[in-house]
Amino acid sequence: MARREAPPDAFGRTAREYELGRPLWPDELLDRIVADLGLGPDAAVLDLGAGTGKLTRALVRRFERVAAVEPDDAMLAVLEEVVPGAEARPGSAEAIPLADDEVDAVFSGEAFHWFATPEALAEIVRVLRPRGALVVFWNIGLEYPDLGDEVDVLIDETMERGGAPGLPRILSGEWRGPIAAAGFEELREDELERELVTDREGWIANLLSVSSIAVQPDEVRDAFAARLRELVPPGELRRRVKTVAYRTRLV
C-alpha cells in the first residue's frame, strides 16, 4: 500500500488517548543528553511538535524557560492543561512562533520524522542561538505482549487500512539528510532499553494514537477498541522498547 500522509487533525482526534497511552521519556537518558550538551537550568529550550507534552513536562523540570509548539488545537489544549509551566503556542515546524536566536536547544519527541524537511530545518536554525543544539527522541518497540493470533491479526489489518505508520520513516534514516544539509555537526546517538507497564486501557489508547489508526473514522476506531476489549482480559500488560536519542549542534 502506498504511504499515506496523516491528515492535519489525525492526532488531535485521539489527543486524550495519546495522553493516556503514550509513555513518558526516561529521565536517565534525558539527563545524559542534557549533561553532554552542557545545557544548564537557565537555558531556554523549545519542544517542537510537542503533542500533549510528554516531553515538555520533563523539560520544565530542568529548564527555566520552555516553549512548546504544537499545530493541533486539541493536542495543545491537553498540553496546556497538564503542563501549565510551559509556554504553549500554536504553530508548526515550518513556521515556528519564536524570534531569531531565541532558544539554546530544540527538542522533539516522537515527532521529528513528520517534519524533517529543508523548510523546517531552516526554521529550527533560525530560532537557535549560535552553537544551538537539536535533540530528537523516538521509542522503537522490541517486544510486545503475546495476546494471541486473533489480536495480532486484528491490529495488523486495522493498521494496514490506515496506511503506513510513522515507524518506517524513522527506520529509513531519511530524516538525517535535512539535518546534515542545514549546517549541523554529525549526529550522535544514545539509547536506553526499558520495560513499559500499563493496563488494558492504556495499551488500547496507545494503539489508537498510532498514526495509521488515528487517521481512520471514529466509528472504525471505536469498533476496533471494543473488539480489543472483548479479546484482551483486563490486567497488567508489559512491552519492551528501545528509546533512542540523537543530538547535534550547529557548526
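Which residue forms a salt bridge with R131? I looked it up, and the partner is E185, with the closest N and O atoms 2.6 Å apart. I take a salt bridge to be a side-chain nitrogen of Lys or Arg within 4 Å of a carboxyl oxygen of Asp or Glu.

**Ground rules.** I am working on a predicted model, where local features need pLDDT of at least 70, side-chain atom pairs count only at pLDDT 80 or more, and totals for chains, interfaces and linings use all residues. Residues are numbered from 1 along each chain as its sequence is written, and side-chain values use heavy atoms, with hydrogens and water left out.

**Salt bridges.** I get 25 salt bridges by this rule. Helices (H or I, at least four residues) and strands (E, at least two) are DSSP runs, numbered from the N terminus. E185 counts as partly exposed at 30% relative accessibility, and R131 is partly exposed at 39%. I use buried for under 20% relative accessible area, exposed for over 50%, and partly exposed for what lies in between (1.4 Å probe, protein chains only).

Next I looked at R61 and D27, whose side chains meet in a salt bridge of 2.8 Å, N to O. R61 is in the loop between α3 and β2 and D27 in helix α2, 34 residues apart. R61 counts as exposed at 53%, while D27 is partly exposed at 35%.

I also noted E201 and R229, a salt bridge with its closest N and O atoms 2.9 Å apart. E201 belongs to helix α9 (residues 200-208) and R229 to helix α11 (residues 218-231), so this pair ties together parts 28 residues apart in sequence. Shared partners join the salt bridges of D27, D31, R61 and R62 into one network.

**Helix α4.** I went through residues 73-82 and found M75, L76, V78 and L79 buried. They cover an arc of only 160 degrees around the axis (taken from the directions from the helix axis to the C-beta atoms), which puts them on the same side of α4. The face turned away from that buried side carries the exposed residues D73 and E81. What covers the buried residues includes α1 (15-21), α3 (56-60), β2 (65-70) and β3 (87-90).

**Aromatic pairs.** I searched the whole structure and found seven. Rings of Phe, Tyr and Trp (its six-membered ring) pair if their centres lie within 6.5 Å; planes under 30 degrees apart are stacked, over 60 edge-to-face, and the rest tilted. The rings of W25 and F137 have centres 5.5 Å apart and planes at 45 degrees, so I logged the pair as tilted. W25 is in the loop between α1 and α2 (27-37) and F137 in strand β5 (residues 128-143), 112 residues apart. Both W25 and F137 are buried. Ring pairs also link F112, F115, W138, W175 and Y246 into a cluster.

**Cores.** I define a nonpolar core as a set of buried Ala, Val, Leu, Ile, Met, Phe, Trp, Tyr and Cys residues joined through side-chain atoms within 4.5 Å. The largest has 31 residues, and L46, F112 and I124 have the most contacts inside it. Its largest share, five residues, comes from β5. Apart from this core lies another, of 21 residues, among them L59, A105, F107 and A133.

Definitions and conventions. Contact means heavy atoms within 4.5 Å.
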